[in-house]
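Dear colleague,

I am handing over the structure we spoke about, and below it I set out what was found.

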Amino acid sequence: MPALLQLKQISKSFGPVQALNGVDFAIEAGEVVGLIGENGAGKSTLMNLLGGMLQPTRGTISLDGTPVKITDAISAAQRGISFVHQELNLLDNLNVAGNIFLGREPRRYGCIDEGKLAAMTQPLLDQLGLDIAPDQSLVPLTNGQKQLVEIAKALSMDARILILDEPTSSLTIQETDTLLKLVETLRERGMAIIFITHRLTEIEKVANRVVALRDGELAGHLTRAETNRDAMISLMIGRDLSEVYPVLPTEIGDTVISIHALTTQRWPEGGASFAIREGEILGLAGLVGSGRSELAQAVFGVDVSPSGTVTVNGDTLKRGDITDAISHGVFLAPEDRKASGLVLEMSVRENMTLNSMFRFNRRSLIDVAKEKAQTEEWRCEFSVKAPDVEQPVGDLSGGNQQKVVLAKWMTLNPKVMIFDEPTRGIDMGARHEIYQTMVKLAKTGCAILMISSDMEELLGMSHRIGVMCEGHLTGILEPDQFSEESIMKLAVETAGKPAVSTK
Amino acid sequence: MFSRYRKELCLLIVLLFVAFWTIIFSRNREADNLLTALLESRFLSLRNMENLSRQIGMYGIFSLGMGLVIISGGIDLSVGSLMALLGTIFFYLLTGGHPWIPGVHWSAAIVILLMVAALIGLLHGWLIAKIGMPAFVVTLCGLLGYRGLAQTMTRDTSLGYYDSVHSVTGLESFLTGKIAGMPAAFIAFIVICGIVYYVLHLSVFGRYLLALGRNEQAARYSGINTTLITIFAYIACTVLGCVSALFFALYTADVVPSMHGNFFELYAIAGAVLGGCSLRGGEGTVVGIILGTTVLLVLQNMVNLLGYDSSFSKVITALVILGGVLVDRFEIWKLVSFKKTKTA
C-alpha cells in the first residue's frame, strides 16, 4: 500500500541558494513524525512546499500514491493537509467560531448564520477539550488556547495530515502537556502529524519516528527506540558540539553594564536587574513573548522603559534615547534583521555605514570614495559573500545579511553588544563564523548579551544564562547549573495565569 | 550609471516625443522649407518658451518639495490650499488690508511668509513624526482648513496688491522679471534643483531620508533621528510651496482663494510619481521629479497650442501618469515576487 504522503527527491532553490537538495520523506496515517534540524536546515521550506506556499524546483509529492501539485494554501487544505504555523494566523477582531470557519462561514440569506456557525464550532472545541464558548473573543485567550483554536481550524477542514511548526514555542509547561496529549489523541484517530520543534524532549515524548534535516539535505532517520537526545543532536549538527561552539574566553574583567529594575512598555510590572562584565557573554533565555526582546530594546533605547536604570561604565543612560546608548557604545543587532536591522533595498555599503555616517561626512557631504574603500575592507574582514558592496542586502542569504549587521556595529568598537536571536534562519557554516566573531568581540573586552531561543546555542555560547518569564528576570544560571530542564523551569516560573473560561 | 537612471531616460524619451509632436504640428506652415518651418513653430517661439519655462519653474519648485516628502514615505495634500493661504497673507502683508495683519515692506513680507510656511511645515512634521498621526489625515485637514481660512479672511473675494502701503517696484522685477532672458521663476527653480540635488543625493541628510523612507524602523535602529528628518522633509515641502506661492501670487496678480492653487498638490504628486518616486517611500531622484513635472506641463502646453479640446487634456494627463506608474509597477511586481521566494 502506498504511503499517505510521500515526497521523492524534493529540491528547492532560491536563486543560487539551494534550500533543499533531494529530500525523501514519507508519513503514514496514525503516525507522528518529529522533524528536527538546526535553524536554516530547510524544515520550514519543506513544510511550505506541503502547505502550497512554495513549489518544488524538482521532485514529486504524492498523496495515496498519486502525484499531486499543491499550488496554494487552498489546494493544500482540499487535499487534507493542514498547516499550523509557528506564528499564529488568527484575527483578533473575530471571535473563535469566526476564526475557525473564516472564508467558509455557513450562510443564510446571504448573511452569516451565527447559530449554525456556533453549532458547527462547539463539537470541535469539545473534541480538543477547549473550555471556551464559540462566540468568545480571541483577545483574552492565552497563546496555548489560541494554538488550540488553530488546531480546531485544521480539524474543521477534515485534515488528514497536520503540520505543527514549533507549536510549543510560546506555551507554558501545562499548555505544552495538553498539546502533546492532544497530538497523541489525534494520532490514535488516524491522523498523520508532522511535529516540528526545537525542544527535543517533546520529540522524545510524542514522536514515533524522527527525521532530521541538515543544510537542506536529509541527515538521517531515527526509530522510536533509537530516539534520544544525543542521537538527535548528532544528526542535526553532523559534527561534535565542540566544533560548532568555539571555546569561550576565560578572562572576565570588571562590570561594564549594569541594569537595575528595568521595565518595558510591554511588561511595566516586570523588571530585570543584572550586570555583564568585560569579555562575558550572558545568554538570555525564555519563552517567545517573555519580554527578552523588549528588554533589549529598552536597554538600547528603542523602547522607552517606564522605570529602572541602565548604567554603562558608571554613566546612567537616558531612557528611550538611542543616540545616548550608541554614544556609550551600547549596540543592538535586532531580532528581525529584515524589519529593523537592515534596509533591504539599499546596498551593502549603504547599510554598513548607516549608523556611522560621521566617518564619511565631509561638510555634510558624503565621501563616497572613502565609504566604498572602507566597506570593501569590512566586506572582506567579515567575509560577507557578495560580489561587491553595491549589492542590495536583500539579495544576500540570511547569514550574510547578519554579517552585514555585525560589520555595521562591530566596526564602531562596542562596549556592550546585544545580539537578539543572532543565528535565526542561518545555516551552520555562517553560524559558526558568527559565533567566532562573537568570541573575538568578547576577547576585546566587550560585554555581550545574547538573546536566544536555541537551547544548544544558549548552553554552548554563554558564560551565564539569565532566564525571563513574563517580563521578569526569574534567575541567572551559573555554568554548573546549566541544563535544558533548569532553563525551562525558570522560563515558566510565574506562569499559570488563570485561563479564560466563559462557559 | 545608465541603469541607475533608466527610469529618467524613459521619461526623457517621452518628453522629447511630446515636444517633437508639438513642434511638428505647430510648425510655421508658410515657411519655405521644413527646417525653418519647424524652427519657427509656435512651440519654439520665444513667447511660448518663456511661458513654458515660467510654468516649469513655478510648478517644479513645489513638486521638488512634495518629492522630498514622498521619499520620506509621507504625503502632503495641503500644498495647493497652503499656496492660496500664503498668497492671501502675502497680499495682506503688502496692503495691510486685514485688521490682524500689518502692512510691511515687500522684503519683510517675503521673510515673514517664509517663516509662516516653515512653522506650518513644522506643525505638520511634528503631528506626523512625533505625535504619530497619519500624514494623509494631517495634510487632508490642511487641504480643507488652509483654503477655508483664506476664503474666510477675504470673505471669499479676490485680493490684489494695488493699494500696497510701500512701493512694490522691486518686488515685481524680482518675482516676475527676467534674468539673462529667462523668467525669474525658472532661474529660481534651477537654483533650487541644485540645492535639492545636493541635499538628496550628496549629503548625509539625503542618505538618511532615503533610508527612512525605505524602512523607518531600521533607520531608527541605526541611531538616526527619524523624527527630526521627517519634520525637515515637511518643512522643506511647505517652504518650497511658499517660494512657489510667491511667484504664483505675483504671476496671477490677484489671489482668488477659492481657485488659487487648486489641485496643485495633485499635480505635484503626479509629477513626482511619474518621475519615479514611490508612494511607499525611499525612492526618487531630483532628475526624475524635474522630468515628471516637465512632461505634464509640456503635455498641457501641447493641448493648448494644438487646440485640442482642453477638457480632454486631463484624460491625456491621466493616461500618461497611469501608463508611467504601470510600467513602474510591473518592475515592482517582479521585485516583490522575488523577495517572497527569498523570505519564505
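Does A:Asp64 count as buried, partly exposed or exposed, and at what relative accessibility? A:Asp64 counts as partly exposed, at 39% relative accessibility, and please bear in mind throughout that this is a predicted model. The partner of A:Asp64 in a salt bridge is A:Arg160, with 3.2 Å between the closest N and O atoms. The two are 96 residues apart, A:Asp64 in the loop between β4 and β5 of chain A and A:Arg160 in the loop between α5 and β9. A:Arg160 is likewise partly exposed, because its relative accessibility is 34%, which falls between the limits of 20% and 50%.

Over all chains the structure holds 24 salt bridges, and two further ones involve helix α16 of chain A. In one of them A:Lys403 pairs with A:Glu433, the closest N and O atoms again lying 3.2 Å apart, and this pair joins helix α15 to helix α16 across 30 residues. A:Lys403 is buried at a relative accessible area of 4%, whereas A:Glu433 is partly exposed at 24%. In the other, A:Asp454 meets A:Arg431 at 3.1 Å, N to O, with A:Asp454 in the loop between β22 and α17 and A:Arg431 in helix α16, 23 residues apart. Both of these residues are buried, since A:Asp454 has a relative accessible area of 7% and A:Arg431 one of 0%, under the 20% limit.

Turning to the interface, 36 residues of chain A are in contact with 23 residues of chain B, and the area buried between the chains is about 2,600 Å², 60% of it from carbon and sulfur atoms. Between the two chains there are 10 residue pairs in polar contact, counting those with both residues at pLDDT 80 or more, and 2 salt bridges. One salt bridge between the chains joins A:Glu350 and B:Arg207 at 3.7 Å, N to O, and these two residues belong to a network of salt bridges that also takes in A:Arg349, A:Glu371 and A:Glu390.

On chain B, a nonpolar surface patch of about 760 Å² is made by eight side chains' residues, among them B:Leu12, B:Phe20, B:Trp21 and B:Tyr308. B:Trp21 lies in helix α1, residues 6-25, and is partly exposed, with a relative accessible area of 36%.

Definitions and conventions
Residues are numbered from 1 along each chain as its sequence is written. Chains are lettered from A and ligands numbered from 1 in the order in which they are written. This is a predicted model: local features need pLDDT of at least 70, side-chain atom pairs count only at pLDDT 80 or more; totals for chains, interfaces and linings use all residues. Side-chain values use heavy atoms; hydrogens and water are left out. Patches are made of residues with over 30% relative accessible area and no salt bridge: like charges are joined within 9 Å, nonpolar side chains (Val, Leu, Ile, Met, Phe, Trp, Tyr) within 5 Å. Accessible areas come from the Shrake-Rupley method with a 1.4 Å probe; for residues, only the protein chains shown count as cover. A salt bridge is a side-chain nitrogen of Lys or Arg within 4 Å of a carboxyl oxygen of Asp or Glu. Helices (H or I, at least four residues) and strands (E, at least two) are DSSP runs, numbered from the N terminus. Buried means under 20% relative accessible area, exposed over 50%, partly exposed in between (1.4 Å probe, protein chains only). Contact means heavy atoms within 4.5 Å. Buried area is the accessible area (1.4 Å probe) that two parts lose on being put together, summed over both. A polar contact is a pair of N or O atoms within 3.5 Å; within protein, one must be able to donate a hydrogen and the other to accept it, and residues adjacent in sequence count only if both atoms are side-chain atoms.
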